[in-house]
Amino acid sequence: MPIQENEGVMLLLGIGLLIFVLGNYRRLVRFPYVNILVTGFVILTAGWLLTVLESFFWGDVLNLLEHMCYAASGIVTAVWLWLFTRQNKGIR
Amino acid sequence: MLIAALDFISLFAAAASLVLLFIKRKIKPLRKGIKTLLAGLLFFTFIYNLCLFLEWAGISSGLDTLEDYVGALIPMWWAILFYGILQEIAGHDIRQRENKYREKLEELVEDRTAELQKEIAERKKIGDALRQAKESAETANLAKSRFLSSMSHELRTPLNAILGFSRLMTRDPAIPAHQQENLGIINRSGEHLLMLINDVLDMSKIEAGRMVLKPGNVDLHRTLSSIEEMIRSRAEGKGLTFTVDYSGDLNRYIKTDARMLRQVLINLLGNAVKFTKEGNITLRVKAPGTVSPAHEEQPARTIFFQVEDTGPGLSSRELETVFDPFVQGAKGPGNGEGTGLGLAISKQFARLMGGDISVESRVGEGTVFTFSIRAQILPAEPEDPGQSHRRVAALATGTPIFRILIVEDNQSNRTLLRQLLQLVGFKVEEAVNGANAVQSFKTRPPHFIWMDIHMPVMDGYEATRQIRDLPGGRDVKIIALTASAFLIDRQKAMDAGCDDYVRKPFTEEEIFEVMARHLEVSYIYDDTRDRTKTRTTRPDRESKPVPLPEGLRAELYKAAENLDVQHIKSLVQDVGRHDEELARVICAAIEDLDFEELLLILDRRGQGAPP
């Protein structure tokens, strides 16, 4: 399966953003439960990586893993939102 | 199938998150911007997952393009979300810093407020202390004023008797010349003592700001002449030359405080005589420049007085303190004499009269005091009865018989005033206190009352008030007589209903002048040059008394001594043929059964002229 352009763009944007997030992690970490949110984003970025990689090898397995990442990222983000709205914590 | 389930989970998670976001409307840490970003992200995630799910389910195969666009938007939304979070953190930091500054500022304000409160409390404490000190000072000042008033009264009362009787005794021709000299010494010593008391009181009044100018009409030439006469005898007695130099264009009549002017001049000239051993003393008076209008009607002029002596002079150190109170010169024979208040009072008096005083001196070369006054110029001879020093000998012939009531607790002063008034022909009654005076008034109202103020039982103020409330009480003339030196006592006396006020120690001139003013009586004076000139507002009353025939007078005298009213009445017709006015006076005396007065009149008429 040839690589799709939009998947490549998403991966590039995702990696660029991941670098930015990790670079500002010490500041971001002051936001309530931001590590969970970042985890959700990292998993999502992993999904974007897998969707690119599936074009090169292990197509079905990586595709499955990709969708697992999307689902996991959605759940983690929902958990973050749930915790975040429940606790009413402020910025540290 | 598994992938479809996973996509559904993703779809469900996104939908659940969206629902959660909209249910929880009030989320404190989430600001409106982040909530919007998050909503956007979840929405696009939901659309993306929906596309994936529908694609798998084969419901629509035309969603690839939408999936591609939305998929590209998702990382961008994540980026925006993280950026928003960072902005929120930055905003939070700013707010925190602001809060920190605010707290610090509030802390500073609190600290400063506490300091200010402490300062206010301290100032209040100081204010309270100052108020207390002020009250203490006022109390002390009041006590001082009371003491001075009391001291003044206590000293003036006996002084009044000393000076009054010594003056009265000089009238007695039976007193030999050497005793007259002794009387003069008593009188001068009394006056000196009075001057010292007055100096202390004046200084006290100046310090209390209660010394006020009492301008009156002054004959400047006569004032200078009398002072010249006084100083010349003292200067020549010490072998000094005394020169007075004033130009002829010096205005004669001015308006100023005569007492202050005299006191300053006498003080400066007296000092010059006291401290100069040899040489001369010069008094120069000049009024340079033109007369300028002081106000619309009365022109004014500055008059300069200069007293120069050839005494020991003053050192530069002495010159600095020469006008300070209680400071006396180190040189001269008079060292330690007096109160040391003369020059201090002179300076204040000169200023009160609108001028000032200065001094120039060199040790061994003499001293020059110069003082100025600002005085209104009067165009003609003013009517100022206070400047005459003629001695009253008797009431003018034809003067009605006036009954005078003397209310005075001090026997010496009562006797002095009684003798003085009887001597010139007034009929006198006495009361020893206010209550006695009120009773006396009810029995037989007098024409004139000399009312002492400080008396036991009832004081002069109360007695005056009660008399004024009695029938006829408004017609009688009541003159307050007090040893108090304060103007406030004068005001109190006037408020109580007195017509005038005379201060002890009084002089004969003051007593007779006040009576002339209020009773409109005329006098005959000792000075033969002034015998026909009387101080009166009713010149028609003046007439030369006609002597009674000696036989008639002797018969009347005998009838009066025998209290024979009928005989006196029978003789009055004969008297009327010689002097109708005298007949009326005798009739009035008989009606009053006042034989004493009648005898006095006959005594005077027996000499053919007033004594």
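In chain B, 70% of the contacts with a separation of 6 or more are between residues 24 or more positions apart. The structure is a predicted model, and this report goes through its two chains, the interface between them, and a few individual residues.

**The two chains**

Chain B has 611 residues, of which 45% count as buried. Its secondary structure consists of 17 helices and 15 strands.

Chain A has 92 residues, and buried residues make up 49% of them. Chain A has four helices and zero strands; read from the N terminus, its elements run α-α-α-α. Among the contacts in chain A between residues at least 6 apart in sequence, 71% join residues at least 24 apart.

**The interface**

The size of an interface is often given as the accessible area lost when the parts come together. Between chain B and chain A the buried area is about 3400 Å², and carbon and sulfur atoms give 80% of that area.

Four residue pairs are in polar contact between chain B and chain A, with both residues at pLDDT 80 or more.

One salt bridge is found across the interface of chain B and chain A. Which side chains form a salt bridge here? Those of B:D93 and A:R30 do, with a distance of 2.3 Å from N to O.

**Aromatic pairs**

Over all chains, the structure holds 15 aromatic pairs. One of them joins A:F41 and A:W48: the ring centres are 6.4 Å apart and the planes stand at 80 degrees, so the pair is edge-to-face. Are A:F41 and A:W48 buried or exposed? A:F41 has a relative accessible area of 0% and is buried. A:W48, at 1% relative accessibility, also counts as buried, because the limit for that class is under 20%.

A:F57 and A:W58 form another aromatic pair, and this pair is edge-to-face too, with 5.3 Å from centre to centre and 90 degrees between the planes. A:F57 is partly exposed at 38% relative accessibility. A:W58 is exposed, with a relative accessible area of 62%.

Ring pairs also link residues of both chains: A:F41, A:W48, B:W78 and B:F82 form a cluster.

**Accessibility of selected residues**

The table lists the residues discussed in this report by relative accessible area.

| Residue | Relative accessible area | Class |
|---|---|---|
| A:F41 | 0% | buried |
| A:W48 | 1% | buried |
| B:R414 | 10% | buried |
| A:V42 | 35% | partly exposed |
| B:E520 | 36% | partly exposed |
| A:F57 | 38% | partly exposed |
| A:W58 | 62% | exposed |

A:V42 is part of helix α3 of chain A, which covers residues 34–53. At 35% relative accessibility, A:V42 is partly exposed. A:V42 and A:L17 are separated by 25 residues in sequence, and their C-alpha atoms are 9.9 Å apart in space.

In chain B, B:R414 is placed in helix α9 (residues 411–424). B:R414 counts as buried because its relative accessibility is 10% and the class takes values under 20%. Which residues does B:R414 contact once its neighbours within four places in sequence are left aside? They are B:I406, B:E408, B:D409, B:E430, B:A431 and B:V432.

A:W58 lies in the loop of chain A between α3 and α4 (59–87).

Where is B:E520 found in chain B? B:E520 is in the loop between α13 (508–519) and β15 (523–525). B:E520 is not a glycine, yet its phi is positive, at about 60 degrees. With 36% relative accessibility, B:E520 counts as partly exposed.

How values were computed: Residues are numbered from 1 along each chain as its sequence is written. Chains are lettered from A and ligands numbered from 1 in the order in which they are written. Side-chain values use heavy atoms; hydrogens and water are left out. Buried area is the accessible area (1.4 Å probe) that two parts lose on being put together, summed over both. A salt bridge is a side-chain nitrogen of Lys or Arg within 4 Å of a carboxyl oxygen of Asp or Glu. A polar contact is a pair of N or O atoms within 3.5 Å; within protein, one must be able to donate a hydrogen and the other to accept it, and residues adjacent in sequence count only if both atoms are side-chain atoms. Rings of Phe, Tyr and Trp (its six-membered ring) pair if their centres lie within 6.5 Å; planes under 30 degrees apart count as stacked, over 60 as edge-to-face and the rest as tilted. Buried means under 20% relative accessible area, exposed over 50%, partly exposed in between (1.4 Å probe, protein chains only). Helices (H or I, at least four residues) and strands (E, at least two) are DSSP runs, numbered from the N terminus. Contact means heavy atoms within 4.5 Å.
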